[in-house]
Amino acid sequence: MRQTPGGRTSTVLDMARAWDRPSTVYLALGAALAAVYFALPSGGAAQSTIYAVLGGGAVLGTLWAVRRHRPERALPWILLAFGNGLFVVGDVIGIVQSNPPTVSAADVAYLAGYQHVRLHLPDGF
């Protein structure tokens, strides 16, 4: 249980009722895709594609939540979404390249993604 700004105690059930339809659909689709991911043969193209779709969904979900909830400091959340988007770009490049070189464009996307995710962290990390 947690305290609401008005001093009222809210329960998990109250928080679940506060969810809107897009959040519920996002959670249900993500859970279904995760289940399908683990049901597929390991390392296959279909599994890799679902992994990239789940990553892209996390980016879109973060941006949607920033727009919906309008946090006081939105930039760190946007940087986190952008960094995760770069990870997804790296994953997609890795899926498309059948025999990638030692250093590929996917590596550049991953390294750039780490920098944006780092910018998301609070000071002191």
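Biologist: In what order do the elements of the protein run from the N terminus on?

Modeller: The predicted model holds five helices and two strands. Read from the N terminus on, the order of these elements is β-β-α-α-α-α-α.

Biologist: What percentage of the residues of the protein count as buried?

Modeller: A residue counts as buried when its relative accessible area is under 20%. Among the 125 residues of the protein, the share that counts as buried is 22%.

Biologist: Of contacts between residues at least 6 apart in sequence, what percentage join residues at least 24 apart?

Modeller: Contact here requires heavy atoms within 4.5 Å. Taking the contacts in the protein between residues at least 6 apart in sequence, the fraction that joins residues at least 24 apart is 46%.

Biologist: Are helix 2 and helix 3 roughly parallel or roughly antiparallel to each other?

Modeller: The axes of helix 2, residues 21-39, and helix 3 come within 10 Å and cross at roughly 160°. The crossing is left-handed. The contact involves, among others, Tyr 26, Gly 30 and Leu 33 of helix 2 together with Ile 50, Leu 54 and Gly 57 of helix 3. Since angles over 145 degrees count as roughly antiparallel, helix 2 and helix 3 are therefore roughly antiparallel.

Biologist: Is Gln 47 buried or exposed?

Modeller: Gln 47 lies in helix 3. Leaving aside neighbours within four places in sequence, Gln 47 is in contact with Tyr 37, Leu 40, Pro 41 and Ser 42. The relative accessible area of Gln 47 is 9%, and the cut-off for burial is under 20%, so Gln 47 is buried.

Biologist: How do helix 3 and helix 4 cross, left-handed or right-handed?

Modeller: The axes of helix 3 and helix 4 come within 9 Å and cross at roughly 165°. Helix 3 and helix 4 are therefore roughly antiparallel to each other. As for handedness, the crossing of helix 3 and helix 4 is left-handed.

Biologist: Which residues of helix 4 make the contact with helix 3?

Modeller: On the side of helix 3, the contact is made by residues including Ser 48, Gly 55, Gly 56, Val 59 and Val 66. On the side of helix 4, the contact is made by Trp 77, Ile 78, Ala 81, Asn 84, Gly 85, Val 88, Asp 91, Val 92 and Ile 95.

Biologist: With which residues is Thr 62 in contact, leaving aside its neighbours within four places in sequence?

Modeller: Thr 62 is found in helix 3. Its relative accessibility is 18%, so Thr 62 counts as buried. Apart from neighbours within four places in sequence, the residues in contact with Thr 62 are Trp 77 and Ala 81.

Biologist: Does Arg 70 count as buried or exposed?

Modeller: Arg 70 is found in the loop between helix 3 and helix 4. Its phi is near 45°, a positive value in a residue other than glycine. Most residues other than glycine have a negative phi. With a relative accessibility of 62%, against a cut-off of over 50%, Arg 70 counts as exposed.

Biologist: Against which helices do the buried residues of helix 4 pack?

Modeller: Helix 4 has 22 residues and reaches 31 Å from its first C-alpha to its last, close to the 32 Å expected at 1.5 Å a residue. Its buried residues include Leu 79, Leu 80, Gly 83, Leu 86 and Phe 87. The buried residues of helix 4 pack against helix 3 and helix 5.

Biologist: Why do the buried residues of helix 5 line one face of the helix?

Modeller: Helix 5, residues 105-120, reaches 23 Å from its first C-alpha to its last, close to the 22 Å expected. Its buried residues are Ala 106, Ala 109, Gly 113 and His 120. Seen down the axis of helix 5, these residues line one face because they fall within an arc of 55°.

Biologist: Which residues are exposed on the other side of helix 5?

Modeller: The buried residues of helix 5 pack against helix 4. On the other side of helix 5, the exposed residues are Val 108, Leu 111, Tyr 114, Gln 115 and Leu 119.

Biologist: How far apart are the axes of helix 4 and helix 5?

Modeller: Helix 4 and helix 5 pack at an angle of about 165°, and they are therefore roughly antiparallel to each other. Their crossing is left-handed. The distance between the axes of helix 4 and helix 5 is 7 Å.

Terms used: Residues numbered from 1 in each chain as written. Predicted model: local features only at pLDDT ≥ 70, side-chain atom pairs only at ≥ 80, totals over all residues. Heavy atoms only, no water. Helix = DSSP H or I, 4+ residues; strand = E, 2+ residues; numbered from the N terminus. Expected span 1.5 Å × (residues − 1). Buried < 20%, exposed > 50% of the residue type's maximum accessible area, 1.4 Å probe, protein only. Arc of directions from axis to C-beta. Axes fitted to C-alpha atoms, helices over the stretch in contact; angles between N-to-C directions. Parallel < 35°, antiparallel > 145°, perpendicular 65-115°, else oblique. Left-handed = near helix turned anticlockwise from the far one by under 90°.
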